[in-house]
Every structure is written in C-alpha cells, then in structure tokens.
Amino acid sequence: MQIGVDACCWGNKRGFGRFTRELLEALLEIDESNEYLFFIDSKSSDHDDIPARVKKIVVKTEFSQVKAASADGRRSLKDLWAMSREVLKHKVDIFFFPAVYSYFPILNRTRIVLTLHDVIADHHPELIFPNSKSKFLWKLKQKIAIKQADLIATVSEYSKKEIIEYFRLPESSLRIISEAARPVFKVLPTNNGFVSALAKHRLRPDERFLLYVGGISPHKNLNTLIDAFKRVVDSDTNEPLKLVLVGDYKDDPFFSAYPRLREQVADLELENKVVFTGFIPDEDLAYLYNAAALLVFPSLEEGFGLPAIEAMACGTPVAASNTGSLPEVLGPVGRFFDPTRADEMAGVIREVLSDESMRLQMKADGLERSQKFLWKRAAEDTLSIFNELAGH
C-alpha cells in the first residue's frame, strides 16, 4: 500500500509539528510493509531529520507552509494547485494530513485521513484570528477539508466529543490518535548540564520557579497566570519565586499575546520575576521541567496538552485548567482550577508549593501515568486506521 503524507508541518515548532514528527517516526518503525511518500513544500523542505526510508517529494511553492498557516497568512491558489497536482501524479492508496493547517485539496481517488486536533479556533475565534478575513479563510479551508475526509482523526476523547458536536458529524467518522512524551523527557540528575541549561535563562538550581510551556497565544490565558503569580508572590514574601514562560515569541506565525503580556509584567513590576525564554530545544527543556517546582497549564482550552505529559515524565507536578482535555490527560494526578479565576489559580499554586508530601505523591503518580501514553501505541492506532480504510 502506498501512503501519502502531508509533511509540510514537519518543521513546525508548535504542538502539531511535534505530533507530525513523533507519530510518523514511530509509524515508520513499526510498519515495514507499506511505502510512504512525504509531500513537502520547497520552502519547508530543508530538514535533515526526515527519515531516509521515505520517498520525499518536494513541491515547488512560492511561500512556506509556516507563513501560509500564520494568523494573517494563507496559501496562494498557485501553491495549493502545485501541491494537489503533485499528489495527483502518484497513485497513493491513503493520504494522511497530520494537521488541518496545511490542508490542500486531494484530486486523486484515494481515501483521506484528516487530523483535527481541536476546535479552539471555532470556540474562541476572537483569540485566534486577528481579523474577520483570516477567520473566513480558515473556516472555508476547514469546511472543505472535513467534507473531503473519509475519516477524522483527533487526539483526545474531549476533542472527539467537541468535533462531533460542533460539526454535527457521526461518531463513526472519528478515530483517536493520542500523543506522548519523547524519551528525552525523563527524570535527570543534577549535573553540569542541569546547571548550564538553567544558567542560559538566568536561573539557578537552588531557585524555585513555576513553569509554563506552550504557545504565547491569547487562548493560552497567560495574562491570568501572571495575575495569579502576582497574588502568590505578594502573599509569600519569605521565599523568592519566579515564573518561567517557555514558548516561541519571535518566529511563531500565530496570533501572539506577547506584547500585551510584556506590558502586564511591567505594570505589575514583575520584570525581575517573570522570564520569557523563547523557544528552547528539548534537551534544555527537559532540565527545566526537572528543576521546576510546578508546571502551570492555564489554557482556556486544549485539544490534548502535550506539556502536561512531558512534565509528568520528568517527575514534575502539574496544576491545570479544569476545562478542555487537561482533566482527561492528567486524570487524578493533576490539581485543577477555573482558568478564568486568578484567585482560584493562585490558591491551587500555593497549596501545591506549600505541601511537600503532596508534591512527592504527584511526582510518583505522574511518572506512572505518563507511561500510559506511548508514541508506539499512537502509531499502532494510526496504522489500524489506514488498514481499515484500505479494506473498504
């Protein structure tokens, strides 16, 4: 069987880029019988980590997928046609989109699996799109993609439920492909690498800090997290505490809250306590997870919430929103708060920081729970979807 894959998201630094890379690498490890054709636009094709086993088909385009999928960008009709035409030249049995962001019409008579990670853009358009034009183009692309798909894949039971409800789809048209932490995310010793990774971001091994990992987008609700952090530090002046926000704010093409967050930090006089790190390689990020007193995940909504799994795999306690997929992903291991209430968020943070026995229990339970999420299992589920469609 020939399986075509939209690999244009391969180099993206956001969660759907990681999903693309980790899932496809795991899939190639377990599936030696099928042939994989990766279609990638020429502006995004300079990745030397694409597995050698696949047939990489580079399509000449004017703009990169990353720019086209940005908050105020879009793919030109010429680039869309170039991608569609190239796929048309090959007789693929299944075509897989790991994300809807880089969707283009498939003209072959083939089965299509489309991944919708969440419906955040549909529930909170005012936090995702800078203008009505961007919203319209996104909706149009999404509608065509869903209509053309034979099966919809998503990443959690929560997302499955929301997609069915929002788009009025039959449950039989959806399948779940979960996510997992990379092996680099694990409990690490306090060695020179540990000290060096922290020093890059003006942190010391003996310094207590809260950690956030993810996009710097409005729906991530970081403004409420900063307000909650202010309440925590004002209520406990005896122990220094920092807030470390890990996320790309320089090159991220999506709608960003960074300028306003910087203003908020200045207004609250927290410049010496709040650290914006920008993008961090996984090797350094693993050290930050290990060193953090607590990962705080304040999003208004998540389709999955991969940093929660990464933190648990590193033995880091997690406090998160009681909305979206996070209660499903964390289960009884996490501590939860209403993401719209800074006082409640601050209360949960204080509770975890002040109770060492609770933190130790959360660490042990988190390590155990993280082992239930495996990329190999996700790959097996994906291969089952392909075989199911091929048998129709």
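Colleague: Which residue forms a salt bridge with Glu344?

Modeller: Arg341 does, with the closest N and O atoms 3.3 Å apart. Bear in mind that this is a predicted model.

Colleague: How many salt bridges does the count give?

Modeller: The count comes to 21. One of them joins Lys89 to Glu86, with 3.5 Å between the closest N and O atoms. Lys89 is exposed, at 57% relative accessible area, whereas Glu86 is buried, at 15%.

Colleague: And what about Glu162, which side chain does it meet?

Modeller: Glu162 meets Lys161 in a salt bridge, 3.2 Å from N to O. Glu162 is buried with a relative accessible area of 10%, while Lys161 is partly exposed at 49%.

Colleague: Which residues are linked in a network of salt bridges?

Modeller: Arg18, Glu22, Arg182, Asp282 and Glu310 are linked that way. Glu310 is also one of the buried residues of helix 12.

Colleague: Tell me about helix 12, then. How many of its residues are buried?

Modeller: Eight of eight, so helix 12 is mostly covered, where buried means under 20% relative accessible area. Along with Glu310, the buried residues are Leu306, Pro307, Ala308, Ile309, Ala311, Met312 and Ala313. Helix 12 is followed by Gly315, which has a positive phi near 80°.

Colleague: Are Cys8 and Cys9 buried or exposed?

Modeller: Buried. Cys8 is at 3% relative accessibility and Cys9 is at 0%.

Colleague: Where is Cys314?

Modeller: Cys314 is in the loop between helix 12 (306-313) and strand 12 (318-321). Cys314 counts as buried, at 2% relative accessibility.

Colleague: What does Cys314 touch?

Modeller: Leaving out residues up to four places away in sequence, Cys314 touches Phe185, Lys186, Val187, Ala286, Tyr289, Asn290 and Leu367. As for Ser159, which is 155 residues away from Cys314 along the chain, the two C-alpha atoms are separated by 26 Å.

Colleague: On to helix 10. Which of its residues are buried?

Modeller: In helix 10 (residues 258-267), Tyr258, Leu261, Gln264 and Val265 are buried. Seen down the helix axis, the buried residues fall within an arc of 115°, so they line one face of helix 10. An α-helix has 3.6 residues a turn, so residues three or four places apart point the same way.

Colleague: What covers those buried residues, and what is on the face turned away?

Modeller: The cover includes helix 9 (222-235) and strand 10 (274-278). The face turned away from the buried side carries Arg260, Glu263 and Asp267, which are exposed.

Colleague: What happens just after helix 10?

Modeller: Glu269 takes a positive phi of about 55° there. Glu269 lies in the loop between helix 10 and strand 10, and it is exposed, with a relative accessible area of 68%. For context, most residues other than glycine have a negative phi.

Colleague: What is the phi of Arg168?

Modeller: Positive as well, about 55°, although Arg168 is not a glycine. Arg168 sits in the loop between helix 7 (157-167) and strand 7 (174-176), and is exposed with a relative accessible area of 77%.

Colleague: Last topic, the surface. Which residues make the nonpolar patch of about 300 Å²?

Modeller: Trp81, Leu88 and Leu107 make that patch. Leu88 belongs to helix 3 (residues 77-88) and is partly exposed, at 42% relative accessible area.

Colleague: Thanks, I will look at those on screen.

Conventions
Residues numbered from 1 in each chain as written. Predicted model: local features only at pLDDT ≥ 70, side-chain atom pairs only at ≥ 80, totals over all residues. Heavy atoms only, no water. Salt bridge = Lys/Arg side-chain N within 4 Å of Asp/Glu carboxyl O. Buried < 20%, exposed > 50% of the residue type's maximum accessible area, 1.4 Å probe, protein only. Helix = DSSP H or I, 4+ residues; strand = E, 2+ residues; numbered from the N terminus. Contact = heavy atoms within 4.5 Å. Patch = residues over 30% accessible without salt bridge, like charges linked within 9 Å, V, L, I, M, F, W, Y side chains within 5 Å. Areas by Shrake-Rupley, 256 points an atom, 1.4 Å probe, with all protein chains shown as cover. Arc of directions from axis to C-beta.
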